[in-house]
Amino acid sequence: MSQRDQDKHKARQQRLKEVVDAKVAEAQVERGLVLVLTGNGKGKSTAGFGTVLRAVGHGLNCAVAQFIKGEWPCGERNVLEKLGVPFHIMKTGFTWNTQDREGDTRAAEAVWAAVAQDLANPAVDMVLLDELTYMLSLHYLDVDTVVAAIEARPEHQHVVITGRNCHRRLLELADTVSEIAPVKHAFEAGIKAQQGLDW
Ligand code: ATP
Ligand code: MG
């Protein structure tokens, strides 16, 4: 690179830095946020648990609700429960081919009742609602009830929601929405889910 090009590059970077610095200085609002991790790619729950781990690492009080996979082993749960993070899990073992709609609804409502207390508790700094989106798309939970509880939560409390096909109302409510796109997945090559990587 010639000296002239180097100077030009430096000046451009300096202008960019000024713009970014100004934006950072402007962003002064501090409050609890709603983060939605959705899309058909792998990594939604991992990112949700990663956020909880991050928060726990800063001494925040977190709670987790798992709306589908309670019966399944879960590496993150093994660690986070030891660190004192409470988990609310759908105990009746929701499965994709279940015919017991009433039982599933009751199970979802029981988890919701527990998590609603966290959402109303100022001592809780972050709530992860893992796989919540399916409870709304399957009509196991009422969207108005869910939205109202999230809206009425303590001002500093963060809420992280994961799952595919997120309800429009939750997308509207959210401050940050990330959609994870599938580029490829090992399962398509006939490789089964691997402990430690997939759960
Ligand atoms: P993870 O828990 O790994 O972060 P996720 O929360 O994004 O994944 P889910 O829809 O909850 O995805 O599915 C969980 C399981 O399904 C994981 O074992 C994951 O590897 C697998 N999975 C996720 N996305 C895909 C996909 N596009 N094709 C096949 N399997 C997938
Ligand atoms: Mg998931």
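1. Buried residues account for 38% of the 199 residues in the protein, where buried means under 20% relative accessible area, exposed over 50% and partly exposed in between (1.4 Å probe, protein chains only). Before you read on: this is a predicted model, where local features need pLDDT of at least 70 and side-chain atom pairs count only at pLDDT 80 or more, while totals for chains, interfaces and linings use all residues. For bookkeeping, residues are numbered from 1 along each chain as its sequence is written, chains are lettered from A and ligands numbered from 1 in the order in which they are written, and side-chain values use heavy atoms, with hydrogens and water left out.

2. On the overall fold, I get 7 helices and 6 strands. Helices (H or I, at least four residues) and strands (E, at least two) are DSSP runs, numbered from the N terminus. Read from the N terminus on, the elements go α-β-α-β-α-β-α-β-α-α-β-α-β. The C-alpha trace spans about 70 × 45 × 35 Å along its principal axes.

3. Now the ligand site. Ligand 1 has 14 residues around it, and the closest are Lys42, Gly43, Lys44, Thr46 and Asp198; a residue is near a molecule if one of its heavy atoms lies within 4 Å of it. Helix 2 (residues 44-57) supplies the largest share of that shell, with 3 residues. By type, the shell divides into 2 nonpolar, 6 polar and 6 charged residues. The classes are these: Ala, Val, Leu, Ile, Met, Phe, Trp, Tyr, Cys and Pro count as nonpolar, Asp, Glu, Lys and Arg as charged, and the others, Gly among them, as polar.

4. Which polar backbone atom is 2.8 Å from an oxygen atom of ligand 1? That one belongs to Gly43. A ligand 1 oxygen also sits 2.9 Å from an N or O atom in the side chain of Glu131, and a ligand 1 nitrogen is 3.2 Å from a polar side-chain atom of Arg164. The protein covers 81% of the 570 Å² of accessible area that ligand 1 has on its own; areas come from the Shrake-Rupley method with a 1.4 Å probe, and for residues only the protein chains shown count as cover.

5. Glu131 turns up again at the magnesium ion (ligand 2), where the protein donors are Ser45 (OG) and Glu131 (OE), lying 2.1 Å from the ion. Donors here are N, O and S atoms within 2.8 Å of the metal (3.2 Å for Na, K and Ca), and water is not among the atoms, so sites may look incomplete. Ser45 and Glu131 are both buried.

6. The aromatic count comes to 1 pair. Phe49 and Phe87 make up that pair, which is stacked, at 6.2 Å centre to centre and 15° between the planes. The rule is that rings of Phe, Tyr and Trp (its six-membered ring) pair if their centres lie within 6.5 Å, with planes under 30 degrees apart counted as stacked, over 60 as edge-to-face and the rest as tilted. Phe49 is in helix 2 and Phe87 in strand 3 (residues 87-89), so the pair links distant parts of the chain, 38 residues apart. Phe49 and Phe87 are both buried.7. Two backbone spots to look at, neither of them a glycine: His139 has a positive phi of about 60°, and Asn165 has one of about 50°. His139 sits in the loop between helix 5 and helix 6 (143-151) and is exposed, with a relative accessible area of 62%. Asn165 lies in the loop between strand 5 (158-162) and helix 7 (168-173), and is exposed too, at 59%.

7. Asp198 is found in the segment after strand 6 (176-179) and counts as partly exposed at 30% relative accessibility. Asp198 and Cys74 are 124 residues apart along the chain, with their C-alpha atoms separated by 9.1 Å.

8. Asp100 is in the loop between strand 3 and helix 4 (101-119) and is partly exposed, with a relative accessible area of 42%. From Asp100 to Met90 it is 10 residues in sequence and 14 Å in space, C-alpha to C-alpha. Glu102 belongs to helix 4 and counts as exposed at 59% relative accessibility. Glu102 and Arg168 are 66 residues apart in sequence, and 25 Å apart in space, C-alpha to C-alpha.

Definitions and conventions: A polar contact is a pair of N or O atoms within 3.5 Å; within protein, one must be able to donate a hydrogen and the other to accept it, and residues adjacent in sequence count only if both atoms are side-chain atoms.
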